[in-house]
Amino acid sequence: MPADKCYYLTSPIYYVNDVPHIGHAYTTLACDVLARFKRLDGFDVHFLTGTDEHGQKVEKSAAAAGIDPQSFTDKVSQNFRDLADAMNYSHDDFIRTTEERHTKASQAIWTKLKENGHIYLGTYAGWYAVRDEAFYDESELTDGEGGTKIAPSGAEVEWVEEPSYFFDLSKWQEPLLKFYEENPDFIAPESRRNEVISFVKGGLHDLSISRTSFKWGVPVPDDPEHIMYVWLDALTNYITAVGYPDENSQEFSKYWPANLHMVGKDILRFHAVYWPAFLMGAEIDVHHRVFAHGWWTNEGQKISKSVGNIIEPNEIVDTYGLDQVRYFLLREVPFGNDGDFSHRAMISRINGDLANDLGNLCQRVLSMVNKNCDAKVPACAESGLEDLPVYGTLQEVHALLPKVRQHIDRQAFHDALEEIWRVVRDANRTVDESAPWALRKTDPEAMASVLYILIEVIRHFAILLQPFMPQSCAKMLDQLSVSEKAREFVSLKTEENSTPFDQNALQPGTSLPAPEGIFPRFSD
Ligand code: ME8
């Protein structure tokens with residue numbers, strides 16, 4: 001497969017000590033939709049997710065739970081695997097930073113940076129927030145209660161003073177700015193790109209990349225009293241998973257540099273400043289793009305364990321249905337912006353977009369076919385179709401894939417869905433206009449043609465929407481008797497002026513199962 005037909009994308013690896021909530025589910029969901037889309041579009045996809053298991057924060061949580069860190073991480077990492085199952089993610093690999101392959105890769109990148117002269121030994125004295133596993137400048141802090149100091153993220157910081165290895169980040173200001181300039185799509189959305197550029201223009205300090213005050217992490221090669229800074233360890237997961245340090249391996253050559261690191265806005269700096277600098281320092285190609293999406297709140301409030309308002313993905317999936325939740329999360333908020341989760345908004349999407357628009361279209365068209373066409377794909381006239389109102393909808397549906405592809409390539413999931421829904425609504429309007437139920441007596445052949453075109457339209461929606469709602473679309477495609485191998489995007493017609501008749505179009509005379517509602521209304 002040529003390299004431009006390979007697609008490697010990653011979610012963040014999550015801190016194991018958190019209870020997985022809707023925010024974690026969201027980032028990996030966006031990756032899942034993208035991965036499924038690319039696979040259906042003929043790409044060789046590698047989709048990575050996993051857990052970040054080292055560092056002081058995890059060590060503290062294990063101590064609080066009264067168990068050793070390894071047993072602790074074994075146990076809690078499972079919560080994120082369970083989340084992946086519950087959300088129906090299609091990842092190809094789930095990495096844990098406590099795996100042997102990862103220790104090897106982390107030590108290898110360290111050694112390479114050292115050999116290249118980018119690491120030196122010194123003493124760190126400054127502010128550190130264990131919650132964020134991040135260092136802060138005095139100037140970034142505000143005063144908290146009882147004389148405490150608070151980082152911009154809200155985390156409390158502590159004063160740290162200890163021997164430490166440093167990475168010469170200050171030397172990377174110019175190379176990074178040049179890289180951003182030459183790669184205008186590297187950071188998205190645009191507003192985030194501007195933030196990163198002005199941060200880098202403000203000057204970079206060398207970065208402390210080892211600690212001696214705790215033990216839970218990857219030991220520094222040749223100086224095991226030092227533990228690698230958890231972010232250097234964590235970021236390296238993206239190359240571990242494709243075979244680093246074996247840069248000649250098939251996996252590495254095929255998939256690296258990654259096409260996309262998907263992250264939340266809180267960790268953009270690590271992915272758009274530190275990680276490219278580490279990669280450049282180790283003479284490894286830099287990833288193509290980082291997308292930093294926005295932040296979810298719950299009914300207007302920040303989501304946090306201490307506030308006690310965590311939205312557990314399992315609970316909302318049980319209440320509303322898996323595909324309904326997947327649809328809602330990517331439709332409700334323009335991807336990149338902050339968003340607010342509210343039950344009212346969820347119900348409105350389920351009853352409006354899913355039940356009234358798409359569900360109703362499928363249900364009424366398939367019921368008419370079942371009743372009036374002997375439960376078989378009806379025959380369609382080969383000419384004179386242009387005069388039917390549904391013909392315009394068919395042409396629109398044929399033009400959808402290239403438009404949706406463009407939106408997906410910008411990670412504009414909401415625009416992709418809106419583009420499809422514009423045609424779903426149009427299809428419902430043309431069903432009313434064509435009134436196939438009235439044609440039954442007056443012109444049964446025209447009725448058959450109208451219904452044929454409408455089920456072709458539905459076939460296109462079902463194929464296109466699979467990345468977002470895999471289970472529901474599989475049901476829709478089963479109801480149209482579409483074979484497994486005819487569910488990829490090559491089976492779609494994509495020319496505006498084409499008629500439905502090609503080898504992948506539904507074959508008249510094919511038996512169809514009795515239709516069943518797929519998108520029920522939600523009532524309290
Ligand atoms: O930062 N809204 O892990 P983490 C949207 N281990 N997204 C949210 C969210 C919210 N309210 N809350 C969390 C780490 N997220 C590091 C990452 S990567 C090499 C290491 C999502 O468990 C969002 O993607 O704190 C955010 O970036 C991520 O969870 C942080 O997860």
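Two strands pair if DSSP finds at least two bridges between them. The legends below use pairing in that sense, and the model they describe is predicted.

**View 1. A three-strand open sheet, β11-β13-β12.**
The three strands run in the order β11-β13-β12, and their pairing is antiparallel. At the edges stand β11 (210-211) and β12 (219-220). Each edge strand has a single partner, so one side of each is left without a neighbour in the sheet. β12 pairs with β13 (residues 223-228) in the antiparallel sense over 2 bridges. Pro 219 has Ile 227 of β13 as its bridge partner.

**View 2. Asp 222, in the loop between β12 and β13.**
The loop between β12 and β13 holds Asp 222. Asp 222 is not a glycine, yet its phi is positive, at about 70 degrees. Most residues other than glycine have a negative phi.

**View 3. An open sheet of 6 strands with parallel pairing.**
The strand order is β3-β2-β1-β14-β15-β9. β3 (93-96) and β9 (187-188) are the edge strands, and each pairs on one side only. Helix α1 (residues 22-40) packs on this sheet. The helix touches β1 (6-15), β2 (44-52), β14 and β15. The direction of α1 makes about 165 degrees with that of β1.

**View 4. The β14 and β15 pair.**
Strand β14 covers residues 260-264, and strand β15 covers residues 290-293. The two pair in the parallel sense over 4 bridges. Here Val 263 stands opposite Ala 292 in β15.

**View 5. A salt bridge between Arg 96 and Asp 74.**
Which parts of the chain does this pair link? Arg 96 sits in strand β3, and Asp 74 sits in helix α3 (residues 69-86). The two residues are 22 residues apart and link distant parts of the chain. Their side chains meet at 2.7 Å, N to O. Side chains of opposite charge can pair when their charged atoms come close. The count of salt bridges comes to 34.

**View 6. Strand β8 with partners β4 and β10.**
β4 (residues 119-129) and β8 (residues 158-167) pair in the antiparallel sense over 10 bridges. In this pair, Gly 126 stands opposite Val 160 in β8. β8 also pairs with β10 (residues 207-208), again in the antiparallel sense, over 2 bridges. There, the bridge partner of Phe 167 is Leu 207 in β10.

**View 7. Two cis peptide bonds, at Pro 189 and at Pro 245.**
Ala 188 and Pro 189 are joined by a cis peptide bond, with omega about -10 degrees. Pro 189 lies in the loop between β9 and α6 (190-201). The peptide bond from Tyr 244 to Pro 245 is also cis, with omega near 15 degrees. Pro 245 lies in the loop between α7 (230-240) and α8 (250-255). Most peptide bonds are trans.

**View 8. Where domain 1 meets domain 2.**
The chain is divided into domain 1 (3-294) and domain 2 (343-491). Their C-alpha centres lie 42 Å apart. Contact involves 14 residues of domain 1 and 17 residues of domain 2. The size of an interface is often given as the accessible area lost when the parts come together. Here the two domains bury about 1,400 Å² between them, 66% of it on carbon and sulfur atoms. In domain 1, Val 33, Phe 37 and Leu 40 lose the most area to domain 2. Together they account for 46% of what that side buries.

**View 9. Polar links across the domain interface.**
How many salt bridges cross the interface of domain 1 and domain 2? The rule finds 2. Asp 409 forms a salt bridge with Lys 38, the closest N and O atoms being 2.8 Å apart. On the side of domain 1 that touches domain 2, α1 and β14 are the elements that give two or more residues. The largest share of that side, 7 residues, comes from α1.

Notes: Residues are numbered from 1 along each chain as its sequence is written. This is a predicted model: local features need pLDDT of at least 70, side-chain atom pairs count only at pLDDT 80 or more; totals for chains, interfaces and linings use all residues. Side-chain values use heavy atoms; hydrogens and water are left out. Contact means heavy atoms within 4.5 Å. Axes are lines fitted to C-alpha atoms, for helices over the stretch in contact, and angles run from 0 to 180 degrees between N-to-C directions. Domain bounds come from an automatic or database domain assignment. Buried area is the accessible area (1.4 Å probe) that two parts lose on being put together, summed over both. A salt bridge is a side-chain nitrogen of Lys or Arg within 4 Å of a carboxyl oxygen of Asp or Glu. A polar contact is a pair of N or O atoms within 3.5 Å; within protein, one must be able to donate a hydrogen and the other to accept it, and residues adjacent in sequence count only if both atoms are side-chain atoms.
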